[in-house]
Amino acid sequence: MALVIAKIKHRQIVQLVEDGKRLDGRELTEYRNVKVEQGIIERAEGSARVRLGKTDVVVGTKVELGEPFADTPGEGVLTVNVELVPLASPGYEAGPPDENSIELARIVDRGIRESKMIDTEKLCLEPGKKVYVVFVDVYVLNQGGNLIDASAIAAVSALMNTMVPGYEVEDGEFRVKPGSSSQLPVKQHPVTVTCAKIGDKLVVDPQLEEEQVMDARLSMAVDDDDKICAIQKGGSGYFSPEQVIEFAGLAVRKAKEMRKKLDW
Amino acid sequence: MNEKPERLIDKKGLRLDGRKPDQLRPIKLEVGVIPNADGSAYVEQGKNKILVGVYGPRDAHPKHLALQDRSVLKCRYHMAPFSVQERKSPAPSRREIELSKVIRESLEPAIFLELYPRTMIDLCIEVLQADGGTRCASITAASLALADSGIPMRDLVVACAAGKVDDTVVLDLMDEEDKLGSADVPVAFMPSLNAVTLLQMDGKLSQEEFEAAVNLAIDGCRQVYAVQKEALKAKYVGVKEEVDE
């Protein structure tokens, strides 16, 4: 279900942005307060809860044994799933993942995968047969806008404190070796930066009301070396090529700031 | 998987299929290929073979999806089980669901949806053979199919990818380059509005490389745009000849 916004509010937001202002007094390129708690779910191999303004996301990771993909026999497997549970918004319904949750999961996945954040080669136990499978489950608790950046930060935070159980081989069988878990091998700390296009301006970290009036959004994931590693445009509007290139520079800058703020 | 070639670009600067870095694959576009559809188009780009059909504007189904102030564009990108090396299950994958969404969003800005309130426009994309860059070829063909159906549009949407292989920024990646290259940037563009309606990327690019890739992709879009317009005209030249006879 799509949520609607009053015309008067719509006009107010557009007018504010045109004057370089926002509903909550932020600058156009300013993030809301971000708060990260790690290791909050003891049963998970790794976890994090991220609050970005009113947006609230929990990520839990689980690590299991499984088979590698045929085209990458020597690498572990990463899968990202997103649940937009009815708890999080009056517009969400229970049921199989819809296109919004699939898109969000795939954006978070690409940021992690393409940045080569996880050293997947180290997650191989027996090439072609046994590898670690890392499940990243994103659980949205409150939809307050910009789920993409909040989910990406939460997923990376959770992976950073993920412990991989150790295994020993006994009679050709893999068995958990108690007390032998080790830190998931992490090489990069990708940050995803999203902007909304409102009028002809770009607004970083849109809150819910801003998302309801935006024409389109653009997200870029940036790695530790300032390289752009994943991009997704969304929404039924468009950007000029100049805006796209301008935002690439802004995304690199904001990602750097965020990494510093999070002490990554 | 086949043997991985050592280099994707040889010493002369040519690619696996002999193309220069800024060269498109041969492209063929045809309009009005599905008699039952209200509009349709077929594209061949490299080994890609894709059919697109448009039905509508027609009654929204299911009805609760209808909007009071505009038409709803519904888009299904679907790959045939035999379109790729390993048989693909015909059930929609997560990739296909995401692509259906981004393709729809790349076309919506071009269509005057507000002219047909309470209706639905169904866009069916069937990939018969995939060779890298199917989303771009699908968008190019889909906007032609929409134009063929007579739905008023602001411009044709045309799409093309650029990317990076062996440290070179190249245009229109084929399957091997897409899989083995280091970045892929698909772009959809409306030339007369200077509007980027789809932008995705995976891989790793510096800011400078990204700028070069976007500009190259838009160059490619402009080239395909010319072919697109000819394809649309060709249908009516055919009709005129029939009438003249």
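Me: What percentage of the 245 residues of chain B count as buried?

Reply: A residue is buried if 20 or more other C-beta atoms, placed from the backbone, lie within 10 Å of its own, exposed if 12 or fewer do, and partly exposed in between. The model is predicted: local features need pLDDT of at least 70 and side-chain atom pairs count only at pLDDT 80 or more, while totals for chains, interfaces and linings use all residues. Residues are numbered from 1 along each chain as its sequence is written, and chains are lettered from A and ligands numbered from 1 in the order in which they are written. Of the 245 residues of chain B, the share that counts as buried is 48%.

Me: What radius of gyration does chain B have?

Reply: The radius is taken over C-alpha atoms, and the globule rule is 2.2 Å times the number of residues to the power 0.38. Along the principal axes, the C-alpha atoms of chain B fill a box of roughly 55 × 45 × 35 Å. For 245 residues a compact globule would have a radius of gyration near 18 Å, so chain B agrees with the rule at 18 Å.

Me: Among contacts in chain B between residues at least 6 apart in sequence, what share joins residues at least 24 apart?

Reply: Two residues are in contact if their C-beta atoms, placed from the backbone, lie within 7 Å. Chain B holds 4 helices and 9 strands (DSSP runs numbered from the N terminus: H or I over at least four residues for helices, E over at least two for strands). From the N terminus on, these elements run β-β-β-β-α-β-α-β-β-α-β-β-α. Among contacts in chain B between residues at least 6 apart, the share joining residues at least 24 apart is 70%.

Me: Which strands stand at the edges of the open sheet of 5 strands in chain B?

Reply: This sheet has mixed pairing and the order β1-β2-β3-β5-β4, where strands count as paired if DSSP finds at least two bridges between them. Each edge strand pairs on one side only, and the edge strands are β1 (27-31) and β4 (72-79) of chain B.

Me: At about what angle does helix α2 of chain B run to β2(B)?

Reply: Strands β2 (residues 39-45) and β3 (residues 48-59) of chain B pair in the antiparallel sense over 7 bridges, and B:G39 stands opposite B:V54 in β3(B). Helix α2 (residues 134-148) of chain B packs on the sheet and touches β1, β2, β3, β4 and β5. Angles run from 0 to 180 degrees between N-to-C directions, with axes fitted as lines to C-alpha atoms, for helices over the stretch in contact. The direction of α2(B) makes with that of β2(B) an angle of about 150 degrees.

Me: Which element gives the most residues to the side of chain B that touches chain A?

Reply: At this interface 26 residues of chain B are in contact with 28 residues of chain A. The elements of chain B that give two or more residues to that side are α1 (94-107), β9 (195-205) and α4 (207-244). With 11 residues, the element that gives the most is β9(B).

Me: Which residue of β9(B) stands opposite A:I228?

Reply: Strand β14 (residues 228-234) of chain A pairs with β9(B) in the antiparallel sense over 4 bridges. The residue opposite A:I228 is B:L205.

Me: Why is one side of β12(A) and of β7(B) left without a neighbour in the sheet?

Reply: The open sheet of 8 strands is antiparallel, in the order β12(A)-β11(A)-β13(A)-β14(A)-β9(B)-β8(B)-β6(B)-β7(B). One side of β12 (201-204) of chain A and one side of β7 (168-171) of chain B lack a neighbour because each stands at an edge with a single partner strand.

Me: Is A:F247 buried or exposed?

Reply: A:F247 is placed in helix α5 (residues 241-262) of chain A. Leaving aside neighbours within four places in sequence, A:F247 is in contact with A:C195, A:L202, A:L218 and A:M220. Because 23 other C-beta atoms lie within 10 Å, A:F247 is buried.
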